[in-house]
Amino acid sequence: MANEDGVKKVAELIKDIKTCMLTTLDDDGHLVSRPMAVQQVEFDGDLWFASDEDSRKVGQIRHGHAVNVAFSSGSSWVSVAGNAEIVRDVAKAKELWNAGLEAWFPDGPETPGLVLVKIHADSAEYWDTPGGKVMTLLSFAKAKVKGERIEGAENEVVEL
């Protein structure tokens, strides 16, 4: 898929998803995933998260930058692969600040130990079922009755 169209499609699919799964590698090379709240919804190839500087994920990112971010909604799934960077930038933290972060960082964007995790996406793969669950069920029933493979889902890889 063309880059600009692909970025737009990925942005459309993840724009309303507030929580995703961030996967890093631990020191032994094992995959570790945890839920994260997305801080910037307008996807342009980068994703932003807030974290505590002393967290395991920040340590893991410092030792190995490769990450994956997985998004899921009722009818679509997106997997974003890239590299992570730990950023200390109070101005950017203020720009990304929202009420949800106050529960984790009660002193605001200047909370000691607050760092930002910036994901530079290299690629994204998505699966989308236009029409949602109803169309999926209808396509499933049609395939079952006709003895054919189910159709209707869209799957693309976007190089970023």
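Hi everyone, let me start with helix α2, whose buried residues pack against β1, β2, β3, β4 (66–72), β5 (76–87) and β6 (114–128). Contact here means heavy atoms within 4.5 Å. Helices (H or I, at least four residues) and strands (E, at least two) are DSSP runs, numbered from the N terminus.

Before going on, a word on the source: this is a predicted model, where local features need pLDDT of at least 70, side-chain atom pairs count only at pLDDT 80 or more, and totals for chains, interfaces and linings use all residues. Residues are numbered from 1 along each chain as its sequence is written, and side-chain values use heavy atoms, with hydrogens and water left out.

So, which residues of α2 are buried? In this helix, residues 56–63, they are Lys 57, Val 58, Gln 60 and Ile 61. Seen down the axis of α2, these fall within an arc of 160°, so they line one face of the helix; the arc is that of the directions from the helix axis to the C-beta atoms. Arg 56 and His 63, on the other side, are exposed. Buried means under 20% relative accessible area, exposed over 50%, and partly exposed in between (1.4 Å probe, protein chains only).

Now to the strands. β1 (residues 19–25) and β2 run antiparallel, joined by seven bridges; two strands pair if DSSP finds at least two bridges between them. Leu 25 has Leu 31 in β2 as its bridge partner. Five residues lie between the strands of this hairpin, where Gly 29 takes a positive phi near 85°. On β2 (residues 31–37), Val 32, Arg 34 and Met 36 form the covered face, while Leu 31, Ser 33, Pro 35 and Ala 37 form the uncovered one.

Two or more lining residues come from each of β2, β3 (46–52) and α4 (99–102), with β2 giving the largest share, four residues.

Finally, how exposed is Ala 91? This residue sits in helix α3 (residues 90–96), and at 55% relative accessibility it counts as exposed. Ala 91 and Glu 110 are 19 residues apart in sequence, and their C-alpha atoms are 9.3 Å apart in space.
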